[in-house]
Amino acid sequence: MAHDGKKETSYKGSSAKAILHHYDYLGDFYRLILGEDLVYSYGMWEDGDTLESAQVRKLDHLAVAAGAVGAERVLDVGCGYGTLVRRLVEVHQVDHAVGITMSPVQAGWAREQGWPGVDVRVENWFDHRPDGPYDAIIAIEAIEHFAGSTMWRAKRVARYREFFRRSHSWLRPGGRLALQANAWNDRGWLASLVLPPEMLPARRQDGTPAAGRSRRLGPKELAHGVRNLREGLHASRKVFPECFLPTRAELTDASRGLFRLVESRSAPGDGIRTVAAWLERSEANRARGAELIGEKAVSDIIREQRAALGFLREGRFTSVRMVFERL
């Protein structure tokens, strides 16, 4: 992989096989629970919201944060079913919105809608060659696929940096990159999984750290940590193959010298409310889902959602929104 001028390798993030498993095969079930707009990422919730209204608020927030309103050209990396690119054109006066996804099912569905001004491609971001510079780039819960399942921080940062490097080359000077991501606690993936919640450093909404408390680890805490590792391994094998969550610091480090961090906010409540809504709908659609993808696959999804909800409530990972400006 290219890294500040070094020779590229063939690594491109999650494989086509992994993407097809999650977004095409399991996607037959997810379409039952995502709502009319088929948005598969955490919403941005306020009191009185439904899942659908929280998703629209999230899309609009990121469009504004990225400086995409009224732009000529905007890229959506990991565009899913194309809801954002459609909204950019129809609501936010974007002339041309390009969406890239590795899922043929998602891209095919979006293309069938025939939205004017929208171009959805089956393409890995690593292979993207823009027709011209972009005014803004938005990537919503896509970067979790960029580092594969490597446990080594230096390798992950190098892979994230390659995305920032390419985004820098695609953007006009001063253009913005808006990210939403699932992110481990600041202690890193292992500590996030195994330590008791009170020992994890929390983040306030504005991103400033609040230190966790120290304590001794007893048999009960160790057993709980082992269970968390088991649940994380199950999710990575059965539901999200070849995925790995970054930390906020890893993304910040990967962007240095290329972008200025404009905004960074943690929103664990958005993850909690979204996963809770998905879980409720998953359980309600269990029988129909079993007809589509099999009872075992549906059980794997529900198990992953229950684990994710517990992890979010315990502060083991969170939802972050980060806005970067091209230097």
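A residue is called buried when its relative accessible area is under 20%, exposed when that area is over 50%, and partly exposed in between. The model described here is a predicted one.

**H92 and its loop**

H92 belongs to the loop that runs between α4 (83-90) and β2 (96-101). Is H92 buried or exposed? Its relative accessibility is 8%, so H92 counts as buried. Leaving out residues up to four places away in sequence, H92 touches D60, A63, A68, V69, G70 and R87. Q93 lies in the loop between α4 and β2 too. The phi angle of Q93 is near 55 degrees, a positive value in a residue other than glycine.

**Helices α3 and α4**

Two of the residues touched by H92, D60 and R87, also take part in the contact between α3 and α4. Helix α3 covers residues 51-65, and its axis is 10 Å from that of α4. The two helices pack at an angle of about 65 degrees, and the crossing is right-handed. Which residues of α3 and α4 meet? On the α3 side they are V56, L59, D60 and A63, and on the α4 side T83, L84, R87 and L88. Sorted by class, this contact has five nonpolar residues, one polar residue and two charged residues. An α-helix has 3.6 residues a turn, so residues three or four places apart point the same way.

**Helix α1**

Helix α1 spans residues 16-25, and its buried residues are A18, I19, H22, Y23 and D24. These buried residues pack against two other helices, α2 (27-30) and α5 (104-113).

**Cysteines**

How many disulfides does the structure hold? The number is zero. A disulfide needs two cysteine sulfur atoms within 2.5 Å of each other. For C79, the closest cysteine sulfur is that of C243, and at 16 Å it is too far for a bond. Seen from C243, the closest cysteine sulfur is the one in C79, again 16 Å away and too far for a bond. C79 is buried because its relative accessibility is 7%. C243 has a relative accessibility of 15%, so C243 is buried as well.

**E242**

E242 is placed in the loop between α8 (219-238) and α9 (248-255). Its phi angle is near 60 degrees, which is a positive value in a residue other than glycine. With 32% relative accessibility, E242 counts as partly exposed.

**R303 and E231**

R303 is part of helix α12, which spans residues 295-313. Its relative accessible area is 33%, so R303 is partly exposed. R303 and E231 are 72 residues apart in sequence, while their C-alpha atoms are 8.3 Å apart in space. What links their side chains? The side chain of R303 makes a polar contact with the side chain of E231, at 2.9 Å. Apart from neighbours within four places in sequence, R303 is in contact with R230, E231 and H234.

**Accessibility in summary**

The table lists the relative accessibility of residues discussed above.

| Residue | Relative accessibility | Class |
|---|---|---|
| H92 | 8% | buried |
| C79 | 7% | buried |
| C243 | 15% | buried |
| E242 | 32% | partly exposed |
| R303 | 33% | partly exposed |

How values were computed. Residues are numbered from 1 along each chain as its sequence is written. This is a predicted model: local features need pLDDT of at least 70, side-chain atom pairs count only at pLDDT 80 or more; totals for chains, interfaces and linings use all residues. Side-chain values use heavy atoms; hydrogens and water are left out. Helices (H or I, at least four residues) and strands (E, at least two) are DSSP runs, numbered from the N terminus. Buried means under 20% relative accessible area, exposed over 50%, partly exposed in between (1.4 Å probe, protein chains only). Contact means heavy atoms within 4.5 Å. Axes are lines fitted to C-alpha atoms, for helices over the stretch in contact, and angles run from 0 to 180 degrees between N-to-C directions. A crossing is left-handed if the near helix is turned anticlockwise from the far one by less than a right angle, and right-handed if clockwise. Ala, Val, Leu, Ile, Met, Phe, Trp, Tyr, Cys and Pro count as nonpolar, Asp, Glu, Lys and Arg as charged, and the others, Gly among them, as polar. A polar contact is a pair of N or O atoms within 3.5 Å; within protein, one must be able to donate a hydrogen and the other to accept it, and residues adjacent in sequence count only if both atoms are side-chain atoms.
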